[in-house]
Amino acid sequence: MFSQRAAKRDNAAPEVVRHSRYPSRLSVYADAPELEVSIEEFETFALDRLQVLRAIEDAQLRAKGDDDMLRRVNEALDKHLPLHTNRSRLPARQLMAERRKDHVSHFILRLAFSRTEELRGWFLRYECALLKHRFREADTAERQELLGAARLQLAHIPAAARDGVLGEASGFYSAQEPLFEVDFERVLDLVGRSQVVLRAGKAYVPQSEVAALLAHEFRQRLGRALAVCAKALPQLGEDERLVPVLHNLSSQTARREYRSATAAGAVSADSVDELADGFPLCMQHLHGQLVADRHLRHGGRMQLGLFLKGIGLDLQEALAYWRRAFGAMTDDQFTKGYAYNIRHNYGMEGRRVDYAPYSCHRIITTNPPGPGDHHGCPFRHFAADRLRTALHRDRLADADVGEIAGLAAARHFQVACTRHLEARLLRRPAGARPADAHPAAVTSPNQFFDMCTSAAGTAHLCPLQLSPFDTSRPSRLHPTRNMDGYRGGPPPNQQRPPPNQQRPPPNASGYGGNAGYGGGNAGYGGGNAGYGGGNSGYGGGNPGGNPGGPYGTCLLPLAQRGMGHTLPVITAPTDL
Amino acid sequence: MLAGDDALDTAMEVDDGSGEISPATLGQYYQRLFPHELYYRWLNYNAAAPTTEFTHREFSFTINDGIYLRYQSFRDGGEFQRELQRVAPSKIDIGAIFTAQPKHAKSLQPGVFRPVSKELVFDIDMTDYDDVRTCCTGGTICGKCWKFVVVAMRVVDRALREDFGFERLLWVYSGRRGVHCWVCDERARRLDDAGRRAVAGYLGMVRGGAEQSKKVSLSQRSSAHPHVVRSLEIIEEYFEDVLLGEQEILLTPDRWAKVLAALPDEELRRTLDAQWSRHPDRPSADKWSEMIDAVDKRAARRGAKFGLATFERDMLLQLAYPRLDENVTTHLNHLLKSPFCIHPKTGRVCTPIAADQFDSFDPFSAPTLGQLLREINQAAAGSATSLAPFVDTFDRFVAALLPAPDVKPSQHSLEF
């Protein structure tokens, strides 16, 4: 085992590194690790890598520019998954340990994230982003190594041939920069952002954008590997130590979706208009437009319709509400053009999926509004002056409007929305104001509404609840760990005034006392608020609660499935 | 998801021609007028025997009360024809080609039944231009606002051909207020959702909803992109006559407020508004050049910041660059109304538009169902109807398609 060998040669020179298992810092993970991994490491490594991938996800949502993006990701990497260069003069043992961790953690997450299409998509997206990031930050030699390892096929366009191929369009690139010709399908990201010139299906990629090609190649291969992995996964069912760990890992990234506790039927078609005061800005805007125009386009109908479903408008009431809202059309037009989609939203047509209301993340990142559309997130999609006008219309004080517009301009959309909620709660007379007017970060319009309306009645804000699927189930191995972030207070279900007994325990680490945006970046959490704090207990390698269980050596049955992977071997911690 | 807003956003006006649509008249249309053979050859990609291109394709038939019969699929052109004549749908939508025959979808696991390919499609709908056109709104169109569609077809057609290298482009009038483009090259059909998103991203330029006044803000570098340069050249051919002349986009305070709102300079906005309010009736062309002069002067003083220097270019794009319904393009599994079906609201046939006729195509020349039936009832047997030139256009398009590569042996013969 190399690790033992490396361990014996403490202050080894780079020479040692060159002949080691990991001569290069960066990897495209072509081969699976042939090492022993303890169960303990198995989980810590994977969780640390997860932190990094989440940090990238988070940064993509709210970084203010390229520099900010780089800074955020580097911070996460330094903390959870450092990977020093050969020039760093660190002991070879440390370099090897870092590279091994990078390698092993990638493969563990492959296993954990191959289970569903959605998880595979998530993992692919952020692993590619991580590779691109590391490529950008790497030095020339490392880049060459990585490109070599990925065996990219590139056709270089000689300087002399440039004008012949591109004509006037060659002016789009700087004259010194080498250009490569590839099929446009290999650089979709650059095509989508119009960063390359296209000619007859070929894209001309400048040297500085070669990372996109690398990411594409990597994505293709990783996508295939994940598909194979998914087929092999049922075999793992026999290993009762790993399956819960893998399950736990992947369930922690799935977005924590807010589920309202309101029962269907709680709201009638007649009461929607009165309730609009408690709507978040996006829904207030859609509702206002619907009233004014007696019509909404498709995106708006979906966003508002599912929100209303979430606050308790049942199917019959929804049909009545929308029928009345679209007052100008005939019954026939309504039935033919709209009723189907409303029933569809309630799972009564087509695939019969009972659709959930959109989360803030979804509203912010997908289906941006086009001309004539009113859907979207006002903090994300309104021009600055329109946002100010809308906030003033909601009777906010100038100072609040300024602060909220500033947060929106800095791309802290959900924080801006949370501030909006706070400002609404605080302007109430003292008696009707909640004791704690610093709500948890808003992650869903329905959560905003529930907090706004429940605060009106009870004087207490309930902690954000998570859907049962997403609550980080305590690990089989470390049953106590996921509770780390829960900050004091009475035991959840009994002493709060719960509007609903079914709420899961508020183990949403990080959510509990999250005063939000004030502090460092963890607090900016929005959708991710729960991520940062909750797992902080993991990194330290604290043996924690040990439920026992057979720790012997086991094999992940991957190679047997012809996956081209060799087997990570898992040993008991005592073997280390 | 059923279809884009084209199908669902039925606006409130009543078009003529819909009164002539009934199961009986539709039945006659599918019996006597619908170009079955060409249609089958198109979707079977000219292969001699039925291939999975056809047999695994989803069709959706809409019957009288807006009921969608989804996941219809057919063994061959003969079966398709018989079923079409039997059901006489008021609308046909075309979906993706799946891993299995869509009619068996319900009995298959969701993971097993997946869409694998489809033409790359684009949907341009005049309702997306409601904030720039002044002649009509909603579902109605006229010869004036149709020119936005002409610009859109020219811009998109050239980009798809020159930049992406696609050659098999079928443009189709949607029967009412827009056009569809079906890119039928094999390479386009194979694109996955990510590939479609990238093409849509490359072609999409007007971004932002109703609450975003400035919808185009190109960086200096992007504005040098050959696609942008070429599109601007096309737009400039039309801008003065169409937007300033026919549309008079600055004629009234309501109209100019929308344009001024995009100006990134508060003071300039107020000055121009005051100036125009004093003489409101002057033509838009005069106001436009005043605005551009004022912006240029201000930009010279304030430097390249604040987006003033690029204002004119951004506005040309914002006002006239094609507005694509991206949801239709980006999802492999999205239905789109078929060519040669009858638009349920107007009764007009969704006719192909030849690529050399973008400027001359008149949407009101697309025959209605009632008109066609009168023609075949009155004319001598065998004489051509006003659908004939459109069938010819389709014929030329289909003849140029290459046979599908995955020809599978099949015992079903071609029967027509």
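**Close-up 1. The area buried between domain 1 and domain 2 of chain B.** In this predicted model, putting domain 1 of chain B against domain 2 of chain B buries about 1700 Å², with carbon and sulfur atoms supplying 54% of that. Over on the domain 1 side, B:Thr134, B:Val151 and B:Arg154 give up the most area to domain 2 of chain B, and together they make up 30% of what that side buries.

**Close-up 2. How chain B splits into two domains.** Domain 1 comes in two stretches of chain B, 5-201 and 324-401, while domain 2 covers 212-320. Their C-alpha centres sit 36 Å apart. Where they touch, domain 1 of chain B brings 19 residues to the contact and domain 2 of chain B brings 17.

**Close-up 3. Charges and polar contacts across the chain B domain interface.** Five salt bridges turn up between domain 1 of chain B and domain 2 of chain B. For a look at a salt bridge, zoom in on the side chains of B:Lys147 and B:Glu246, with N to O at 2.9 Å. As for the side of domain 1 that touches domain 2 of chain B, its residues sort into ten charged, eight nonpolar and one polar.

**Close-up 4. Strand 3 of chain A and its pairings.** Hop over to chain A, and strand 3 (residues 179-183) runs antiparallel to strand 2 (residues 155-157), with three bridges between them. Here A:Ala155 faces A:Glu181 of strand 3. Strand 3 of chain A also runs antiparallel to strand 5 (residues 202-206), this time joined by five bridges. Look for A:Leu179, whose bridge partner in strand 5 of chain A is A:Pro206.

Definitions and conventions. Residues are numbered from 1 along each chain as its sequence is written. Chains are lettered from A and ligands numbered from 1 in the order in which they are written. This is a predicted model: local features need pLDDT of at least 70, side-chain atom pairs count only at pLDDT 80 or more; totals for chains, interfaces and linings use all residues. Side-chain values use heavy atoms; hydrogens and water are left out. Domain bounds come from an automatic or database domain assignment. Contact means heavy atoms within 4.5 Å. Buried area is the accessible area (1.4 Å probe) that two parts lose on being put together, summed over both. A salt bridge is a side-chain nitrogen of Lys or Arg within 4 Å of a carboxyl oxygen of Asp or Glu. Ala, Val, Leu, Ile, Met, Phe, Trp, Tyr, Cys and Pro count as nonpolar, Asp, Glu, Lys and Arg as charged, and the others, Gly among them, as polar. Two strands pair if DSSP finds at least two bridges between them. Helices (H or I, at least four residues) and strands (E, at least two) are DSSP runs, numbered from the N terminus.
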